[in-house]
Amino acid sequence: MKIGFIINEHSTEKWNYTTPALGYAAYKRGHDVFFIGVGELSYASQGHLSVRCKTIKDRVFKSEETYFKALQKEEFVNMSSKNLDVLFLRNNPADEINERDWAYNAAFIFGEIAAANGVIVLNHPSSLAGAVNKMYFQHFPEILRPKTIITRDHNEIKEFFKDQKQKMILKPLQGSGGTNVFMMDKKNEHNLSQTIDAICRDGFVIAQEYLTEATKGDTRLFLMNGEPLKANGQYAIMQRVNASGDIRSNIHAGGQPQKVKMTDQIMELADIVRPKLVQDGMFLVGIDIVGSKLMEINVFSPGGLNVMGQMYDADFATPVIESIERKVYYKSMYKDYLYNSRLATL
């Protein structure tokens, strides 16, 4: 199998991220693995996706760290989608906001070209295009979600603030990783207009019900093909505990990862989101849970798989690669009969 991973850029990708872990798992299973920055994508005159990428072959590595650091030292090589079986879109568009706006939607635009060339593209690129902001979350059943409004109207937000007894979360419609997330209450109400203005500079504002359970952090669970990811009897799940005084629980925003047990309530939430994820071709997804509510669905580049692996002494990356191998097999059996969106979650 020849599999390419799209990342934001080589200079910012670290060996202990989830994508290198997936790449290393594929490499150990004898596959040809290619890492492609968003800026290294192009459209060839013959109608194919063309890429500049980094790859390494015929060497034995003791760890993900030595593998990825060696790969990063390799020179770029050129390759066409004609030589790829799978393209895994693992870049995070939110990281490009106000930095490289041209890169914001590039991966799923070029991903659609690759899919048209017969490459299996994960997650399904057309669905990713529709999920590029947090509005995608609003298409899931209301029972899953905190009370929410999305607007640029100050008065609407202030009315919602009153309805929520002067306690709510404000955040931008676009973005991830805890960027520009604010908890508003009576103590900082005097800054409400200023905070709304700051978020409005980048677009729409999400005003959301504050869940008291958020003080304990949130729970990140990986779903693969719509089902909770499991390896060695362990679920790919962790509690992310807020840093002191911070409402954000994202690990790179200071949240601390801890073990957490799977519960019937979490399984029920996962079961409710499954049908839409499967329908949309969302192969590998991270869902974030607070109490009995779903806070976010990360369909682009959910992280933490390596952290969970160390925490539970479980190899979560290999089952992901094994599932991709089955998709390649199914495609070879059915030729052009299976749409990419359906193949993505088989």
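**Note on a predicted model**

1. In helix H1, the buried residues are Thr 18, Thr 19, Pro 20, Ala 21, Leu 22, Gly 23, Tyr 24, Ala 25, Ala 26 and Tyr 27. The helix spans residues 18-28 and is mostly covered, with 10 of its 11 residues buried. The structure is a predicted model, and these remarks should be read accordingly.

2. After H1 comes Gly 30. The phi angle of Gly 30 is positive, near 90 degrees.

3. The second largest pocket has a volume of about 270 Å³. Two elements, H1 and helix H8 (305-312), each give two or more residues to its lining. The lining of this pocket comprises 15 residues, and those nearest the pocket's centre are Ala 21, Glu 64, Asn 306, Asp 315 and Ala 317. Ala 21 is also among the buried residues of H1.

4. Pro 172 belongs to strand E9, which covers residues 167-172. Is Pro 172 buried or exposed? Pro 172 counts as buried because its relative accessibility is 9%, and the limit for a buried residue is under 20%. Between Pro 172 and Lys 134 there are 8.5 Å in space, C-alpha to C-alpha, while the two lie 38 residues apart in sequence.

5. On the surface, Tyr 329, Met 333, Tyr 334 and Tyr 337 form a nonpolar patch. Together, these four residues have about 550 Å² of accessible area. Met 333, one of the residues of the patch, is located in helix H9, which runs over residues 317-334.

Definitions and conventions
Residues are numbered from 1 along each chain as its sequence is written. This is a predicted model: local features need pLDDT of at least 70, side-chain atom pairs count only at pLDDT 80 or more; totals for chains, interfaces and linings use all residues. Side-chain values use heavy atoms; hydrogens and water are left out. Buried means under 20% relative accessible area, exposed over 50%, partly exposed in between (1.4 Å probe, protein chains only). Helices (H or I, at least four residues) and strands (E, at least two) are DSSP runs, numbered from the N terminus. Patches are made of residues with over 30% relative accessible area and no salt bridge: like charges are joined within 9 Å, nonpolar side chains (Val, Leu, Ile, Met, Phe, Trp, Tyr) within 5 Å. Accessible areas come from the Shrake-Rupley method with a 1.4 Å probe; for residues, only the protein chains shown count as cover. A salt bridge is a side-chain nitrogen of Lys or Arg within 4 Å of a carboxyl oxygen of Asp or Glu. On a 1 Å grid over the protein atoms alone, a cavity is a set of points where a 1.4 Å probe fits but cannot get out, and a pocket is an open set with protein on both sides within 12 Å along at least five of seven lines; lining residues have an atom within 4 Å of a point. Grid points are joined across faces, edges and corners, and a volume is the space filled by probe spheres set on the points.
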